[in-house]
Amino acid sequence: MTTYAGPPAVRHCPDCGTPENSPELFCTNCFHLKGAAPSIRAATFVRRLAAFLIEIPLFVLTLGIGYIIWWLITLANGQTPGKQLVGIRAVQKNGAPLGWGMTFVREFVIKFLVIGTLSNFLFGVIFLVNYLFPLFDKNLQALHDKAVSSVVVRLDPLPAARAQIDTSADPWGSQQIDR
Ligand SMILES: [Zn+2]
């Protein structure tokens with residue numbers, strides 16, 4: 001370690017090398033979840049929407065009871081049946097598992113009871129605002145994400161040619177900025 005008193009050290013994204021000096025939870029370049037393992041990236045809005053849209057057909061196809069059993073199992077992975085099929089999951093803001101209990105709170109208490117009930121009184125406005133919220137939120141969170149401090153990430157790994165700069169000479173992921 002040197003005692004060089006230069007500018008403060010800046011962590012760099014393990015996936016693309018972009019300096020992580022902004023307050024957002026995700027890398028502003030490749031949407032890697034800061035602090036999480038390499039290749040853990042934000043779920044796209046389209047995937048989240050797809051997961052939501054297939055929940056009701058899945059419920060019908062499995063006669064309800066099948067869906068409920070499946071749902072209770074997938075909660076342990078931060079998922080619902082829809083999320084599992086499109087390959088996304090909810091995790092804590094640092095990438096750690098959300099756990100069965102908090103996923104239950106997220107899916108049932110917040111989304112179904114609170115937002116569902118409020119939407120009944122407000123003609124679905126809250127429901128729509130909640131689902132569109134990630135499009136405008138700097139941390140890509142819906143309101144139910146903010147309620148339990150979760151984010152939604154993709155399960156599939158990054159393509160092989162992911163690193164744009166060589167960070168091997170900087171194993172701590174921090175280096176001084178040249179000015
Ligand atoms: Zn990045």
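Residues are numbered from 1 along each chain as its sequence is written. Because the model is predicted, local features need pLDDT of at least 70 and side-chain atom pairs count only at pLDDT 80 or more, while totals for chains, interfaces and linings use all residues.

**Exercise 1.** Describe the cover and the pairing of strand E2.

Solution. Take burial first: a residue is buried if 20 or more other C-beta atoms, placed from the backbone, lie within 10 Å of its own. In E2, residues 88-92, four of the five residues are buried, and of the 179 residues of the chain, 28% count as buried. Next, pairing requires at least two DSSP bridges between two strands; E2 and E3 (residues 150-154) are antiparallel and joined over five bridges, with Ala90 opposite Val152.

**Exercise 2.** Locate the largest nonpolar core and the neighbours of Ala42.

Solution. A nonpolar core is a set of buried Ala, Val, Leu, Ile, Met, Phe, Trp, Tyr and Cys residues joined through C-beta atoms within 7 Å. The largest has 20 residues, and those with the most contacts inside it include Ala42, Ile88 and Val152; E2 and E3 each supply at least two residues of this core. Finally, with contact meaning C-beta atoms, placed from the backbone, within 7 Å, Ala42 touches Phe26, Phe31, Leu33, Leu140, Val151 and Val153, leaving aside residues up to four places away in sequence.

Terms used:
Buried ≥ 20, exposed ≤ 12 C-beta atoms within 10 Å, placed from the backbone. Contact = placed C-beta atoms within 7 Å.
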